[in-house]
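Please look through the sequence and the model shown below before reading on.

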Amino acid sequence: MKVLILTTCKDKENLYGNLLTFKTLRVGFPTAEVIVYDNSSIDEAREAIKTACEEVNATYVQLREEVR
């Protein structure tokens with residue numbers, strides 16, 4: 001199974017919401033291949049999302065230009 005996630009964070013105050021998914025991701029998808037696409041988040045959020053991906057063994061892909 002493959003799980004694809006698209007996330008974006010344009011404001012540091014909203015980062016907590018972006019990171020909630022990673023807290024339970026492996027409960028619902030314990031063995032799935034997970035790919036997270038970061039939709040041009042701010043730099044500070046990007047690093048936190050990247051770290052969260054590493055913690056749950058998910059692949060992180062940075063989109064340089066925002067997809068709408």
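S40 is found in the loop between strand 2 and helix 2, where helices (H or I, at least four residues) and strands (E, at least two) are DSSP runs numbered from the N terminus. This is a predicted model, in which local features need pLDDT of at least 70 and side-chain atom pairs count only at pLDDT 80 or more, while totals for chains, interfaces and linings use all residues. Residues are numbered from 1 along each chain as its sequence is written, and side-chain values use heavy atoms, with hydrogens and water left out.

Although S40 is not a glycine, its phi is positive, at about 65°. With a relative accessible area of 16%, S40 is buried; here buried means under 20% relative accessible area, exposed means over 50%, and partly exposed lies in between, for a 1.4 Å probe and protein chains only. A positive phi is also found at N57, which is not a glycine either and has a value of about 60°. N57 lies in the loop between helix 2 and strand 3 (59-63), and its relative accessible area of 67% makes N57 exposed.

Which residues of helix 1 are buried? In this helix, which covers residues 15-28, they are L15, N18, F22 and L25. An α-helix has 3.6 residues a turn, so residues three or four places apart point the same way. The buried residues of helix 1 pack against strand 1 (2-7), strand 2 (33-39) and helix 2, with contact meaning heavy atoms within 4.5 Å.

F22 is buried, with a relative accessible area of 9%, and, when residues up to four places away in sequence are not counted, F22 touches V36, I49, A52, C53 and V56. F22 and V56 are 34 residues apart in sequence, yet their C-alpha atoms are 7.0 Å apart in space.

The charged pairs come next. A salt bridge is a side-chain nitrogen of Lys or Arg within 4 Å of a carboxyl oxygen of Asp or Glu, and by this rule the count comes to 3 salt bridges. In one of them K12 pairs with E44, the closest N and O atoms being 3.9 Å apart. Because K12 lies in the loop between strand 1 and helix 1 whereas E44 lies in helix 2, the pair ties together parts that are 32 residues apart in sequence. K12 counts as exposed, at 55% relative accessibility, and E44 counts as partly exposed, at 45%. Leaving aside neighbours within four places in sequence, K12 is in contact with I42 as well as with E44, and the C-alpha atoms of K12 and S41, 29 residues apart in sequence, are 9.7 Å apart in space.

Another salt bridge joins D43 to R46, with the closest N and O atoms 2.7 Å apart. Both residues lie in helix 2, 3 residues apart, which is about one turn of the helix. Not counting residues up to four places away in sequence, R46 touches D38, S41, Y60, Q62 and R64.

There is also a salt bridge between R68 and E66, whose closest N and O atoms are 3.7 Å apart. R68 is exposed, with a relative accessible area of 88%, and E66 counts as partly exposed at 37% relative accessibility.

The cysteines remain. A disulfide is a pair of cysteine sulfur atoms within 2.5 Å, and by this rule the count comes to 0 disulfides. C9 counts as buried at 1% relative accessibility, and C53 counts as buried at 0%.
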